Amino acid sequence: MNVLSPAEFVESYAVVGEKKSKAPIWRLFLLGILAGLFIGLGGVTANTAAHSMTNVGMARMVSGLLFPAGLIMVILTGAELFTGNCLIPISVFEGRATFGGMAKNWVAVYIGNFVGSVLLAAGTAYFGQMNYSAGGLATFTIKVAAAKCALPFVNALALGIFCNILVCAAVMMAVSGKALIGKAIGAYVPVAVFVICGFEHCIANMFFVPAGLFAMTVPKYAALAAEAGLDTTLLTWGNFLLKNLLPVTLGNIIGGVGFAAAIWSAYRKNAKAAA
């Protein structure tokens with residue numbers, strides 16, 4: 001077969017997660033920066049393609065079709081993505097990784113993801129990438145960022161849970177594929193679903209919100225946002241970190257770890273033997 005069964009995935013990922021938990025911090029950090037860039041580039045692509053669409057459903061569809069390229073690049077290059085690494089509990093449950101090793105991976109990768117995403121956000125805001133449609137892309141970017149900062153804490157948490165169930169399913173499906181096309185399709189479909197549904201991904205938001213914040217420091221873009229009547233009062237670094245990134249990250253952890261626990265419980269060796 002060209003794909004691992006769920007039980008085979010659990011056995012395979014237990015080894016993968018063990019290696020991730022034991023990797024040196026400098027490597028995790030560098031590969032985290034790379035993953036942050038890739039996920040952010042998926043966001044750049046989605047925003048650029050959808051920024052002038054007035055039909056919300058069509059805009060979500062286009063974004064969903066394009067954004068998953070970021071995760072495909074992460075999977076195929078071996079980059080380290082915090083949300084996908086929420087599957088490492090499988091290795092902990094199997095006794096192949098320690099909680100401390102998992103925490104080390106999560107912290108190093110999360111910081112790396114943040115650095116890569118924010119650098120990309122600054123680059124797009126300050127070097128003209130947002131000039132499409134006479135600055136219309138910048139206005140759209142600010143609008144998206146402001147909307148994310150205005151989400152109620154509980155909503156951001158819940159949308160984060162739903163999101164990372166799908167992201168971890170995407171990683172599982174991609175890892176289970178034995179051929180390039182299988183890995184790409186496996187990563188593609190669940191991520192397209194979460195984007196179309198508007199769920200919240202903490203690493204993607206490390207690009208989307210800082211991109212809007214940086215755009216607001218460019219006088220031309222700030223003026224265009226004001227002309228468009230955008231309410232940017234909640235678009236601040238404090239609101240981003242405490243009212244969006246924090247609940248979304250917690251939701252992503254809950255969704256990802258919950259997914260990992262469910263898959264491990266259903267398909268671990270002892271469960272197969274009992275069946």
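**Entry 1: aromatic pairs.** I searched for ring pairs and found that the structure holds 11 aromatic pairs. I counted rings of Phe, Tyr and Trp (its six-membered ring) as a pair if their centres lie within 6.5 Å, with planes under 30 degrees apart called stacked, over 60 edge-to-face and the rest tilted. A pair of aromatic rings is described by the distance of the centres and the angle of the planes.

I looked up Phe82 and Tyr110, which form an edge-to-face pair at 4.9 Å centre to centre, with 80° between the planes. This pair links distant parts of the chain, 28 residues apart: Phe82 sits in the loop between α4 (69-77) and α5 (89-93), and Tyr110 in helix α6 (residues 99-126). Helices here are DSSP runs (H or I, at least four residues), as strands are (E, at least two), and they are numbered from the N terminus. I noted that Phe82 and Tyr110 are both buried. Buried means under 20% relative accessible area, exposed over 50%, and partly exposed in between (1.4 Å probe, protein chains only).

I then took Phe93 and Trp264, whose ring centres are 5.0 Å apart with planes at 45°, so the pair is tilted. Phe93 belongs to helix α5 and Trp264 to helix α12 (residues 237-267), so this pair ties together parts that are 171 residues apart in sequence. Phe93 counts as partly exposed because its relative accessibility is 36%, whereas Trp264, at 17%, counts as buried.

I also checked for charges over rings, which requires NZ of Lys or CZ of Arg within 6 Å of the ring centre and within 35 degrees of the ring normal. Arg268 lies over the face of Trp264, at 4.8 Å from the ring centre. Separately, I recorded that Phe67, Phe194, Phe207 and Phe208 form one aromatic cluster.

**Entry 2: basis of the values.** I record that this is a predicted model, in which local features need pLDDT of at least 70 and side-chain atom pairs count only at pLDDT 80 or more, while totals for chains, interfaces and linings use all residues. Residues are numbered from 1 along each chain as its sequence is written, and side-chain values use heavy atoms, with hydrogens and water left out.

**Entry 3: salt bridges.** How many salt bridges does a search of the whole structure find? The search finds four, a salt bridge being a side-chain nitrogen of Lys or Arg within 4 Å of a carboxyl oxygen of Asp or Glu. Side chains of opposite charge can pair when their charged atoms come close.

I looked at Arg96 and Glu18, whose side chains meet in a salt bridge at 3.0 Å, N to O. Arg96 is in the loop between α5 and α6 and Glu18 in helix α1 (residues 6-22), so the pair ties together parts that are 78 residues apart in sequence. Arg96 is partly exposed at 38% relative accessibility, and Glu18 is buried at 17%.

Glu80 and Lys20 meet in a salt bridge at 3.2 Å, N to O. Glu80 is in the loop between α4 and α5 and Lys20 in helix α1, so parts 60 residues apart in sequence are tied together. I found Glu80 buried, with a relative accessible area of 7%, and Lys20 buried at 15%.

Glu200 and Lys148 form a salt bridge at 3.1 Å, N to O. The pair links distant parts of the chain, 52 residues apart: Glu200 in the loop between α9 (180-197) and α10 (202-216), and Lys148 in helix α7 (residues 132-149). Glu200 is buried, with a relative accessible area of 5%, and Lys148 is buried at 12%.

**Entry 4: nonpolar patch.** Which residues form a nonpolar patch on the surface? They are Met53, Met58, Met61, Leu65, Leu66 and Ile196, with about 480 Å² of accessible area together. Accessible areas come from the Shrake-Rupley method with a 1.4 Å probe; for residues, only the protein chains shown count as cover. Patches are made of residues with over 30% relative accessible area and no salt bridge; like charges are joined within 9 Å, nonpolar side chains (Val, Leu, Ile, Met, Phe, Trp, Tyr) within 5 Å. Helix α3 (residues 56-66) supplies the largest share of the patch, four residues. Met58 lies in helix α3 and is partly exposed, with a relative accessible area of 46%.

**Entry 5: Leu234.** I located Leu234 in the loop between α11 (219-227) and α12. Leu234 counts as partly exposed, at 39% relative accessibility. Leu234 touches Cys149, Ala150 and Asn239, not counting residues up to four places away in sequence; contact means heavy atoms within 4.5 Å. The C-alpha atoms of Leu234 and Ala145 are separated by 9.5 Å, and these residues are 89 apart along the chain.
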